[in-house]
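Work through the exercises below with the coordinates open. Each task is followed by a stepwise solution.

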Protein chains: 4
Amino acid sequence: MPKLEINGVGIYYELDGTGEETIVFLNGIMMSTASWADFVEVYTRNGYRMLRVDFRDQGQSDKCLEKYNINQHVEDIRGLFDHLGLARVHMMGISYGGQVALLFALKYGARLKSLILANTTARLTNYLKAIGQAWDEAARTGEGEKFFKLAMPYIYSDRFYETHYDWLKEREKFFSQLLTKDWFDAYLRLSSSHGDYNILDQLGEIEVPTLVIGADKDIVTPLEEVKKIHEAIKNSLFIVLPEAGHASCYEKKDEFNAAILGFLALQKSKQNVVVP
Amino acid sequence: MPKLEINGVGIYYELDGTGEETIVFLNGIMMSTASWADFVEVYTRNGYRMLRVDFRDQGQSDKCLEKYNINQHVEDIRGLFDHLGLARVHMMGISYGGQVALLFALKYGARLKSLILANTTARLTNYLKAIGQAWDEAARTGEGEKFFKLAMPYIYSDRFYETHYDWLKEREKFFSQLLTKDWFDAYLRLSSSHGDYNILDQLGEIEVPTLVIGADKDIVTPLEEVKKIHEAIKNSLFIVLPEAGHASCYEKKDEFNAAILGFLALQKSKQNVVVP
Amino acid sequence: MPKLEINGVGIYYELDGTGEETIVFLNGIMMSTASWADFVEVYTRNGYRMLRVDFRDQGQSDKCLEKYNINQHVEDIRGLFDHLGLARVHMMGISYGGQVALLFALKYGARLKSLILANTTARLTNYLKAIGQAWDEAARTGEGEKFFKLAMPYIYSDRFYETHYDWLKEREKFFSQLLTKDWFDAYLRLSSSHGDYNILDQLGEIEVPTLVIGADKDIVTPLEEVKKIHEAIKNSLFIVLPEAGHASCYEKKDEFNAAILGFLALQKSKQNVVVP
Amino acid sequence: MPKLEINGVGIYYELDGTGEETIVFLNGIMMSTASWADFVEVYTRNGYRMLRVDFRDQGQSDKCLEKYNINQHVEDIRGLFDHLGLARVHMMGISYGGQVALLFALKYGARLKSLILANTTARLTNYLKAIGQAWDEAARTGEGEKFFKLAMPYIYSDRFYETHYDWLKEREKFFSQLLTKDWFDAYLRLSSSHGDYNILDQLGEIEVPTLVIGADKDIVTPLEEVKKIHEAIKNSLFIVLPEAGHASCYEKKDEFNAAILGFLALQKSKQNVVVP
């Protein structure tokens, strides 16, 4: 039961592997540490420690009845690093987790060895807000199956609906059971944490080596917006997962992992430069 | 009050203009004759008669408590043509209306001078079915504002949300008042009329001059599917409205009308060939 | 032999049709009045007079041994309009002809009823300059067949090479005979007329109703550049010809004509507004 | 001077690094072992041995005055592996080198641990043939500067021309000196080696873990063709380098290397599965 009291809230995490380098995975808004279960082996076998975290109001972390801003997670994560004695890590964030990762990089860049941003944005467009409102309405139905039916076509691509229909149907059933009133309430708090999130103009300050991953059928965080991050962060790398929607880590799991592992390997070879 | 009893149901229509050539506009599933109010002038001034029709369960046509298949509209439209003494017309259908237009062309091609298909498909992909189910769930809330919030981001593009946010907000208010329980019930009947709609293999039979219009940000009927129609119908023209979503006729009204008027003009110049 | 001495140079033109409204076609750099032979019927049957012109150093206009700037054509065209008594016209320009049309609109906008810009740009990117240099090198071979082989893959799309290979082979033969040393010399003068052409910042001044046509497989004047024109000219329309390269008027002739005829029809219906 | 007599021809190679796993780099048609000089460090530091090879008629391998088919390289490479005692390797091929890699995988799949295909195709479309003919004409000028001017805009993207113009100008100078009559003669032999290359229907036989890399501004081997390879090879991964042309390895060197290193890391973690 790895849970630590951080900033007054129990934050759940899982730490796997024994490597010297640690990679942290920050969840999308509907995800949890459990979402990455199938990803652990790949990273630990490649010699990384993998740290997964549930934000407050996610997964097995405590529910948080008070309102908070997305920046709160930044402090929670930093607190967790301090408790775990993690000086510097690689940080991967997808979607909502990518926004937290960007905010973390802006405030605590010195704690990062590298930054990996998948299917995320540096601002809320009107359209992204509208999708957020659609998901909020879907959450207010309080029913997992309805939520899935209303929200999923925004998240998975048409191609994935053709190739993985049974997987999606299974997922729908799973959601129907999993999503309780508590989950929906917590979701709505997470969803309302954005405030006026817009950090596009600040991204030039980020100096950490960065990989930006986009997907060409992502409706929620479309390539145009993802590309803005790549253009704003100096020397960042940019890779596109073709024929994938917003849930690129599921739709194109191997490509997603290959991009991250390759980026990490590239950093390693650059770090190794020995100045005589 | 132009309403005719066709196949036992009162079908509402509006006929404007005095030209020799008639162009029929078939509505998308959430639309009605009223949706085209701003389009009438353009076509009548260019010398066309414009016929707008509400399908059964749409707008001012009768509600229809019995189940029916999408093919029923084909018979209703043919019946209307007979009543109005329309021998051959140009037919434009968008989305659901485009599916009806395709079915009409397959069954009563001789009644068409030309066929214009906007943002429509020849089959239901898993993804299109999933969006349909999302809209059904949204309709079952029975509330116009919720329906709008849940369904609209599928229909309008992210670009349009940036450039026409106030217009969309007005529209949301308008929908909130307009959409009654009757409307939602009717919507659900229309939505369930598709059956196993898949006519991709039959499109080669269509011999009518055809224009296919797509939009590059259309999620509901994406360009890949629209293109399949173009490829299947011999000698069809294909025009793309850039930076537009599924509601291309609103997002890019001038381009939409230009494409149609130009296609009609082209047909006219070809018809005029006098064989001595 | 319709040729008029304008600014000291014999300018060849062809004027077809008897309508009240005149549409002028300005050639791409390798084209001539002859290139539009198959287009005349469509426009004259739709009630337009069609004016085709060979720029100096093109087709049957005089060769011009002195250096000149692309702006010279603007004066030549204006002179031709004066001679022919054309007060106001619709002007279509493709590629190089589109650049001339843009320059004309900036200087003599009052002479235009509308402006149609196909596959053209408002500036020379490094890449466009590089393609220009490739074509110059190709022209310096002085051999039509070599010129065609070296230059054409930039101009026609891969799709067109699949669907119209025989047409392209015929065209290669035709070019082999047509292109003489004089033609190549004239081509190189036209090619060097651009100077520091970059009018992107001035396009906001254009007030003429404008249609911008792009093609999604155009390498020479890619959609990104074409779109910049659309964004800079207020209220301009933007239509994309899908699966077409730079020679969109040949690859997608019907769609090209439909877009133009539709745009003209739309203008007409707006002009017709009678204020009582 | 690492050169081995293989099938009667001196084949030049360079072998760097000391790892257990070897990755072979097969050149594009205009490339040589020297083209990868800047890539060696990345792979050797990541623990790979890197084998670079000049095909016959490339770089420092012997010129080959007799005609040969592209399949000849497959035998040469296999011969080289035998001489060097390489049982099984990872093989990366770009463009022409990717075609050789595909042919190798079909014939000697058992010698491959994995296959990485960058910017390559499984068939010659009419368009690719036409570009090949353009490059042949360019080669027949026998002048490096002309060759560069005529051929490069096909190879580098418009974006790269904007961001790396000076680099390209340096490269043009370099080519001007490097390319001799011998080089051009050899180039023309390589270019004519394709015969009726079309192995699209055979790709289903490939069982080696495969990564397919494409670039979204690649004109020579466009994404549509690259994607066909991905679709034909079971379980292959597909990654797109955005805003890159045909020379993706230069335009997006870091992303190119990251994709490959990540794919190799992924394979490694899968190989490591210990069945108890």
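Helices and strands here are DSSP runs, numbered from the N terminus; a strand takes at least two residues. The model is predicted.

**Exercise 1.** Is Asn119(A) buried or exposed?

Step 1. Find Asn119(A) in the loop that runs between strand E6 (112-118) and helix H4 (126-140) of chain A.
Step 2. Read its phi: about 45 degrees, positive although Asn119(A) is not a glycine.
Step 3. Apply the cut-off: buried means under 20% relative accessible area.
Step 4. Asn119(A) has 0% relative accessibility, so it counts as buried.

**Exercise 2.** Characterise the interface of chain B and chain A.

Step 1. Take the area: about 2400 Å² is buried, and carbon and sulfur atoms give 59% of that.
Step 2. In chain B, Asn126(B), Tyr127(B) and Leu150(B) lose the most area to chain A, together 25% of what that side buries.
Step 3. Count residues: 26 come from chain B and 26 from chain A.
Step 4. Look for charge pairs. The rule finds two salt bridges across this interface. Glu224(B) and Lys217(A) meet in a salt bridge at 2.7 Å, N to O.
Step 5. Assign elements on the chain B side. H4(B) gives the largest share, eight residues.
Step 6. Sort that side by type: 14 nonpolar, four polar and eight charged.

Conventions
Residues are numbered from 1 along each chain as its sequence is written. Chains are lettered from A and ligands numbered from 1 in the order in which they are written. This is a predicted model: local features need pLDDT of at least 70, side-chain atom pairs count only at pLDDT 80 or more; totals for chains, interfaces and linings use all residues. Side-chain values use heavy atoms; hydrogens and water are left out. Contact means heavy atoms within 4.5 Å. Buried area is the accessible area (1.4 Å probe) that two parts lose on being put together, summed over both. A salt bridge is a side-chain nitrogen of Lys or Arg within 4 Å of a carboxyl oxygen of Asp or Glu. Helices (H or I, at least four residues) and strands (E, at least two) are DSSP runs, numbered from the N terminus. Ala, Val, Leu, Ile, Met, Phe, Trp, Tyr, Cys and Pro count as nonpolar, Asp, Glu, Lys and Arg as charged, and the others, Gly among them, as polar. Buried means under 20% relative accessible area, exposed over 50%, partly exposed in between (1.4 Å probe, protein chains only).
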